[in-house]
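Thanks for coming. I have one structure to go through today, so let me put it on the screen.

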Amino acid sequence: MDEQALLALLNSTPVTADGPVDLLDDEDYASTLARDLGGRGTGAEIRVLREVRDQLQDAVRAGLVPAGLDDALSGVVQRPLPLTQDGLRWELHGPAPRLPAARAVIAWAALASRRPGRLRACGNDECRLFLIDHTKGNTARWCSMSTCGNRMKARRHHSRTRGPSLDPSGGEQ
């Protein structure tokens, strides 16, 4: 499972200038994402993906594993494909509507196991996006340095350089 498809699923509820948006409400986006996760892009796959997305977002933010994620894996099995020069590959079998969501859960679990603490929510409290930290020191905090990172750094700078303001009576506010 590609980490980028997992990240696209997690980041399908961005905050725009008009407020929060659910990209899975866009049929083209949702179908493409389901296909990226090995599905066919059906409405049933998208419904399960939406449920799993919400649970994965909560899991990443809280650092806890929601019990509901087991439902996405119910009846799903992984079988190895014949070995090739490219190594070992796995094939999923199970109820078709659950397979894309199961791939997302497997990718999340593999990332958490292989690179613990690297998948996290953006450090900007106003942002609802997630990031996979690829830095050597595991120090990335924002989904994007050019947007959230710059905003947060500008806010901290402004709060540090702004002196106490005085009210008209001469006291500090």
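Which side chains meet in a salt bridge at 2.8 Å, N to O? They are those of R120 and D133. By salt bridge I mean a side-chain nitrogen of Lys or Arg within 4 Å of a carboxyl oxygen of Asp or Glu.

Before going on, the ground rules. This is a predicted model, in which local features need pLDDT of at least 70 and side-chain atom pairs count only at pLDDT 80 or more, while totals for chains, interfaces and linings use all residues. Residues are numbered from 1 along each chain as its sequence is written, and side-chain values use heavy atoms, with hydrogens and water left out.

Back to that pair. Helices (H or I, at least four residues) and strands (E, at least two) are DSSP runs, numbered from the N terminus. R120 is buried, at 18% relative accessible area, and D133 is buried too, at 0%. Buried means under 20% relative accessible area, exposed means over 50%, and partly exposed is in between, with a 1.4 Å probe and protein chains only.

Now the overall layout. The protein has 6 helices and 6 strands, and from the N terminus on they run α-β-β-α-α-α-β-β-α-β-β-α. Of its 173 residues, 32% count as buried.

A search of the whole structure finds 8 salt bridges. One of them joins R115 to E3, with the closest N and O atoms 3.2 Å apart. R115 lies in the loop between α5 (99–114) and β5 (119–121), and E3 lies in helix α1 (residues 3–10), so this pair ties together parts 112 residues apart in sequence. R115 is partly exposed at 24% relative accessibility, whereas E3 is buried at 15%.

Another salt bridge pairs D22 with R53, at 2.9 Å between the closest N and O atoms. D22 is in the loop between β2 (19–20) and α2 (27–36), and R53 is in helix α3 (residues 43–62), 31 residues apart. R53 is buried, with a relative accessible area of 2%. Both residues belong to a network of salt bridges that links D22, D25, R50, R53 and D54.

Next, how do α2 and α3 pack? Their angle is about 85°, and their axes are 10 Å apart. Axes here are lines fitted to C-alpha atoms, for helices over the stretch in contact, and angles run from 0 to 180 degrees between N-to-C directions. The two helices are therefore roughly perpendicular, a label that covers 65 to 115 degrees. A30, S31 and A34 in α2 meet E45, I46 and L49 in α3.

A30 is buried at 0% relative accessible area. Leaving aside neighbours within four places in sequence, A30 is in contact (heavy atoms within 4.5 Å) with L23, L24 and I46. Its C-alpha atom is 7.1 Å from that of G41, 11 residues away along the chain.

Last, the surface. L88, in the loop between β3 (77–80) and β4 (90–93), is partly exposed at 48% relative accessibility.

That is what I have. Questions, please.

How values were computed:
Angles under 35 degrees count as roughly parallel, over 145 as roughly antiparallel, 65 to 115 as roughly perpendicular and the rest as oblique.
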